[in-house]
Amino acid sequence: MSFTETFMNGEQGLFKHKTLTPMQKLTLRFVVVGLVYYAFAVIEGMIMRVYEISAIPGVPSNQFFAILTAHPLVGIFGSTYSIVFGAFLFLVPFLMKKPLWSIKLGNWTFILIAVGTLTFWLAGFVTHYAPLYTLYWPLPADFTQFSPVGGAIFILGIALVMLGTFFFVINIFKTIMYTPEGWDKQPSGALLASAIGYSGIRNLFLNKKKQKEHLVSLPVAAIARGTVDTALNAGILLFTGVLILVYMVAAILGYDLKHSAVDALLYKNWFWWGLDLIADGLVLIFVAGTWYLLATLITGKKLYMENIARAALLVELVVSWTVWSHHLMSDQAQPGFLKVASGEMVTAFELITQGLAFFITLVTLWSARPLKMTNPLKFLLGGLLGFALAVPAGIMQADIGLNRILHNTQWIVGPHVHVAILVGLTMTLYSAIYFLFPILTNGARLYSQKLANFHFWAHLAGGIGMGAFMGMAGLKGMLRRTIYENGEYNVYMILAALAGSLLLVSFLAFFYNIVMSVGLKGVIGIFQPASKKTKDLLPSE
Amino acid sequence: MIDSNTVLTGQTVAYTFYVLAIMALMGWFAYNITREGKSNAIKPALFYSFVGFLIVLGVSIHIITYNTIPWSKMDLNRKSIIPDKVFDISMANHKFILPAEKLMIDCNDMVMFNVKSEDLTYGFGLFRSDNTMVFQMQVVPGHLNDILWQFDKPGVYSIRSTEYSGPKGVSMIEKDVVEVVGCEPDAN
């Protein structure tokens with residue numbers, strides 16, 4: 001095939017979008033939009049990397065901080081939520097061997113997340129609303145620096161994403177519990193108990209004869225437990241958004257509400273409690289569940305220590321509810337016992353829960369050797385390495401002594417945050433995308449394995465390299481969330497930007513590879529209505 | 001007192017060693033997973049030993065730092081320590097309001113910095129002339145934000161806000177406003 005033919009019709013013309021079921025189309029739409037928002041986040045990241053070396057002409061500092069505000073939100077909500085929700089809306093019914101409870105609700109989740117992300121991104125881009133994702137009180141309501149109208153549109157965008165998130169949560173739990181048409185009545189209570197981990201914990205205390213079989217598979221249990229945190233997090237963000245909105249509406253109407261009506265420390269506690277449900281709960285639980293799923297799918301073997309893995313997921317859920325205080329180690333008014341108990345000790349439990357998931361996944365893979373080094377396997381190993389690097393970095397900074405000299409430095413956002421998200425989480429997601437690609441496209445073939453190999457190595461080196469150089473700057477005192485106008489850290493920032501550019505190039509290689517695999521017509525076809533009217537996940541013929 | 005540079009050097013060495021070890025392990029695993037060979041079942045004893053190791057490691061990190069980093073204990077017990085000197089500092093409208101043009105500290109003094117914010121959430125950090133950090137804390141409005149520190153080396157330090165408080169906060173730096181004097185020459 002010529003280049004033009006491949007570009008239009010995909011590798012060997014194998015991808016036929018008209019053969020896709022509505023569920024396949026829904027999942028692929030989530031993935032495509034998630035990847036487009038990932039591109040937003042990477043480009044924004046590169047703009048900031050360059051800005052940290054030297055101010056870019058025509059980009060004022062308030063635009064820089066608007067980008068800094070939108071960047072993590074676009075990355076988490078626009079990209080990661082889209083890809084994860086799309087994958088899980090497909091995988092839960094796939095693993096439960098029954099249709100999704102509501103494709104319509106799934107479509108609404110997709111629309112709300114896509115539109116909500118664009119809304120808050122545009123609000124930030126146009127009006128420079130920039131309180132950062134942390135929204136430390138009363139900065140989001142400081143109308144001497146920010147426009148209340150821009151802020152209100154920004155909050156509206158976040159609220160749309162949260163509404164879509166609630167629809168996702170409902171769909172996941174209803175899919176686990178409901179009885180499809182023509183089926184025998186399903187034990188919804190027992191299915192829920194199995195999904196949230198009650199039966200797994202119970203089995204640990206029973207002898208083998210009395211142990212009950214798990215009604216839902218371990219990956220579904222992981223998704224269900226992560227979804228609990230997703231719901232709680234959406235509730236906290238919505239509540240906070242409404243609070244900020246009250247101040248914005250009052251300002252628009254000409255009233256000046258007192259900021260001191262809200263206690264800044266209490267606010268910080270509840271906000272971080274909610275945010276950590278994503279950062280420390282949802283991510284680690286969803287990621288562990290995805291590792292288990294990929295390890296069992298790649299090897300075809302049963303998961304090593306399955307009951308322990310189930311129990312560990314429930315422990316992680318409790319950990320994620322009680323871990324928030326490590327973000328307040330430098331807040332002197334925060335009670336000392338919370339710093340020690342929640343900030344240090346509970347956080348240390350993440351070393352244990354994530355270490356278990358790491359060990360169990362590696363042993364499960366090892367049990368099936370020799371394995372072919374496929375794309376899903378190599379990206380899975382990359383994801384495992386990412387968390388193996390980032391979690392201990394996080395444990396170190398969650399220490400009363402070390403936090404005093406690390407908090408808000410580039411160490412936090414480099415070796416911990418970016419290595420966890422870019423190497424740990426994103427490479428795990430890439431593993432799932434490469435694995436699901438032939439399933440979701442009814443057998444389409446990847447355009448170039450060489451590009452896939454380049455994607456792997458450039459992403460791995462870029463992610464670890466960028467995190468490392470940011471971390472080195474942090475150890476030399478470089479703060480995050482600020483601008484150094486005199487080039488104090490240029491050596492580290494130039495190296496971090498070079499590593500960051502590898503991430504950008506690797507993504508472009510991946511995106512080009514995918515477009516050439518399914519063709520431009522195929523990409524457009526994904527967004528056209530499905531010609532097959534079926535609730536089945538995959539075509540029956 | 002051990003200073004932050006010494007602590008961070010220790011951390012850098014420990015973390016670098018760990019990074020090299022875990023990368024080597026993953027490289028070895030990736031190479032061998034594709035090769036023919038025995039896949040002996042991993043005994044549960046090894047698994048439980050690994051769990052035990054993680055528990056000991058997670059807890060011992062904090063025990064070690066508590067007993068080796070001097071400001072950890074001092075910070076948790078600061079209410080019961082009488083400082084040699086107290087500086088009351090305010091922050092408002094993206095500016096520091098210092099009690100004097102220069103904050104002079106005698107060597108080995110225990111100094112309490114009480115910092116209040118009149119409006120936004122800020123940060124309060126002390127930095128050396130090479131931009132490395134001595135310490136920092138958050139400054140939350142409506143609450144007392146206090147930090148106790150002992151200075152046993154001569155030097156001139158700058159104060160900088162370590163928390164984002166909007167675009168106006170970028171220039172919240174007070175250059176060379178803290179000076180420690182009177183240390184023995186060999187204390188440097």
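## Contact between the chains

Two residues are in contact if their C-beta atoms, placed from the backbone, lie within 7 Å. By this criterion, 66 residues of chain A are in contact with 64 residues of chain B. Helices H3 (61-96), H9 (264-299), H11 (336-366), H12 (375-397) and H13 (400-406) of chain A each supply at least two residues of the side of chain A that touches chain B. H11(A) gives the most to this side, with 13 residues. Helices (H or I, at least four residues) and strands (E, at least two) are DSSP runs, numbered from the N terminus.

The side of chain A that touches chain B has, by class, 39 nonpolar, 15 polar and 12 charged residues. Ala, Val, Leu, Ile, Met, Phe, Trp, Tyr, Cys and Pro count as nonpolar, Asp, Glu, Lys and Arg as charged, and the others, Gly among them, as polar.

## Basis of the description

This is a predicted model, in which local features need pLDDT of at least 70 and side-chain atom pairs count only at pLDDT 80 or more, while totals for chains, interfaces and linings use all residues. Residues are numbered from 1 along each chain as its sequence is written, and chains are lettered from A and ligands numbered from 1 in the order in which they are written.

## Two helices of chain A

Helix H4 (residues 103-127) of chain A has 25 residues and reaches 36 Å from its first C-alpha to its last, close to the 36 Å expected. The expected span of a helix is 1.5 Å times one less than its number of residues. Just after H4(A), A:His128 takes a positive phi of about 60 degrees.

Helix H5 (residues 148-177) of chain A has 30 residues and should span 44 Å; its end C-alpha atoms are 43 Å apart, which agrees.

A:Asn375 is found in helix H12 of chain A. This residue is partly exposed, because 19 other C-beta atoms lie within 10 Å. Not counting residues up to four places away in sequence, A:Asn375 touches A:Tyr434 and A:Ala452.

## Paired strands of chain B

In chain B, strand S5 (residues 122-127) and strand S8 (residues 155-160) run antiparallel and are joined by 3 bridges. Two strands pair if DSSP finds at least two bridges between them. B:Gly125 stands opposite B:Arg160 in S8(B).

S8(B) also pairs with strand S9 (residues 173-181) of chain B, in the antiparallel sense over 5 bridges. Here B:Tyr157 has B:Val178 in S9(B) as its bridge partner.

Conventions
A residue is buried if 20 or more other C-beta atoms lie within 10 Å of its own, exposed if 12 or fewer, and partly exposed in between; C-beta atoms are placed from the backbone.
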